[in-house]
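Please read this briefing with the sequence and the model side by side.

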Amino acid sequence: MTTVHEPSTTIAATDAVRITPVAGYIGADVAGVDLRAELTDREVEQITAALHKYKVLFFRDQHIGHAEQIAFSRRFGAVTPSHPYDDDAPTDFPEILAVDSRLYEKRFGVKKFSYTNFWHTDVSPLINPPAASILRAEIAPEQGGDTGWTNLVAAYENLPAALREFVDGLRAEHRFGGSRPVWNADSDYAKKVAAAPLVTEHPVVRVHPVTGERALFVNPGFTTRIVGLSPGQSDAVLKLLFDEVANPAYTVRFRWAKGSIAFWDNRATAHLAPSDLDHLDVTRVLYRTTLEGDIPVGVDGTPSTSVSGAQFTGA
Ligand SMILES: [Fe+2]
């Protein structure tokens with residue numbers, strides 16, 4: 001009988017991570033990694049490289065808790081508190097944002113499964129929006145509830161040259177609550193947002209600090225206007241750009257199950273929460289962590305400027 005020699009532990013761990021691209025422009029499945037154990041430096045390198053290349057990574061059957069999710073997140077950067085306006089973080093885990101349909105009615109005064117149903121980049125009204133978000137499913141409905149992501153680099157790069165040149169010099173206001181808030185005006189949440197507004201002027205085209213790629217950094221969830229244009233002009237330009245951001249060609253859609261995790265580069269993507277659950281009697285519970293982000297920089301090197309709100313930093 002032939003003896004099969006196992007490779008050394010180090011090599012086995014290195015070779016175990018398997019990255020499989022999903023959609024044409026975005027998304028990859030990650031297999032061969034167990035998030036219950038601390039990642040090796042090599043695994044962190046491979047996952048980081050895949051994150052920057054594919055923009056959103058999907059892990060399956062990772063049955064971990066809050067502590068393990070935070071430990072995993074910390075391997076990729078400083079973990080921020082859950083959210084600038086959140087006070088519903090699970091006890092002992094202030095880094096965890098509960099995306100919990102059972103909590104939303106209490107918080108927003110309306111039945112919801114996520115805080116926004118528009119394409120958005122997480123907390124983009126911050127002067128330093130999170131670099132990445134990590135979302136883990138605890139309770140996933142059997143039917144519906146998918147999340148979509150779109151590649152903002154593809155949205156920029158596929159514009160005609162004349163439009164790329166036009167948008168390269170633009171800046172836009174991002175405002176939490178935007179022009180169409182999705183919560184009741186008299187809810188406590190609305191009062192909290194009004195008392196401490198988050199408003200930032202970001203470049204419309206953001207240069208990624210790691211890859212150098214240019215991303216179309218606007219989103220219908222938070223971007224309210226193009227600076228320096230009339231309201232009519234601004235609306236027309238934003239309509240054009242939002243259509244590009246939401247072009248199905250640049251998107252991928254993920255079907256959640258308990259233990260599924262999505263890890264996305266929040267500097268190069270926007271995502272869309274589900275809107276197909278409101279008529280169903282289902283519960284959907286996910287837990288998010290976010291990594292501290294940098295201040296965006298435009299094509300000409302000009303950074304974003306804060307109108308209202310401080311930097312949001314991790315420990
Ligand atoms: Fe989000």
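Predicted model: local features only at pLDDT ≥ 70, side-chain atom pairs only at ≥ 80, totals over all residues.

Elsewhere the chain forms an open sheet of seven strands with mixed pairing and an open sheet of four strands with antiparallel pairing.

- Asp122 belongs to the loop between helix H4 (101-108) and strand S5 (132-139), while His271 belongs to strand S14 (residues 269-272), so the pair ties together parts of the chain that are 149 residues apart in sequence.
- Asp122 and His271 are both buried.

**Around Gly148**

- Gly148 is part of strand S6 (residues 147-151), and its relative accessibility of 11% falls under the 20% cut-off, so Gly148 counts as buried.
- Phe72 lies 76 residues from Gly148 in sequence, and the two C-alpha atoms are 23 Å apart in space.

**Seven-stranded sheet**

- The strands of this open sheet are arranged in the order S1-S2-S3-S13-S5-S15-S4, and their pairing is mixed. S1 and strand S4 (97-100) form the edges, each pairing on one side only, and neighbouring strands are turned against each other by 25° on average, direction ignored.
- Within this sheet, strand S3 (residues 56-59) and strand S13 (residues 261-265) pair in the antiparallel sense over four bridges, with Phe58 standing opposite Ala262 in S13.
- Helix H3 (residues 66-74) packs on the sheet, where it touches S3, S5, S13 and strand S15 (285-291), and its direction makes about 30° with that of S15.
- Helix H4 lies across S4, S5 and S15, and runs at about 100° to S4.

**Four-stranded sheet**

- This open sheet has the order S11-S7-S8-S16, with antiparallel pairing. Its edge strands are S11 (223-226) and S16 (305-308), each of which pairs on one side only, and neighbouring strands are turned by 25° against each other on average when direction is ignored.
- Strand S7 (residues 171-175) is joined to S11 by three bridges, the two strands running antiparallel, and Ala172 stands opposite Ile226 in S11.

**Aromatic contacts**

- Counting ring centres within 6.5 Å as paired, the model has 14 aromatic pairs. In one of them, the rings of Tyr25 and Tyr250 have their centres 5.2 Å apart and their planes at 85°, so this pair is edge-to-face.
- That pair links distant parts of the chain, 225 residues apart, with Tyr25 in the loop between strand S1 (18-21) and strand S2 (28-31), and Tyr250 in the loop between helix H8 (231-245) and strand S12 (251-254).
- Tyr25 is partly exposed, with a relative accessible area of 40%, whereas Tyr250, at 6% relative accessibility, counts as buried.
- One aromatic cluster is formed by Phe58, Trp149, Phe254, Trp256 and Trp264.
- Arg206 lies over the face of Phe217, at 4.9 Å from the ring centre.

Note on methods:
Residues numbered from 1 in each chain as written. Heavy atoms only, no water. Buried < 20%, exposed > 50% of the residue type's maximum accessible area, 1.4 Å probe, protein only. Pairing = 2+ DSSP bridges. Axes fitted to C-alpha atoms, helices over the stretch in contact; angles between N-to-C directions. Phe/Tyr/Trp six-rings, centres within 6.5 Å; stacked < 30°, edge-to-face > 60°. Lys NZ or Arg CZ within 6 Å of the ring centre and 35° of its normal. Contact = heavy atoms within 4.5 Å.
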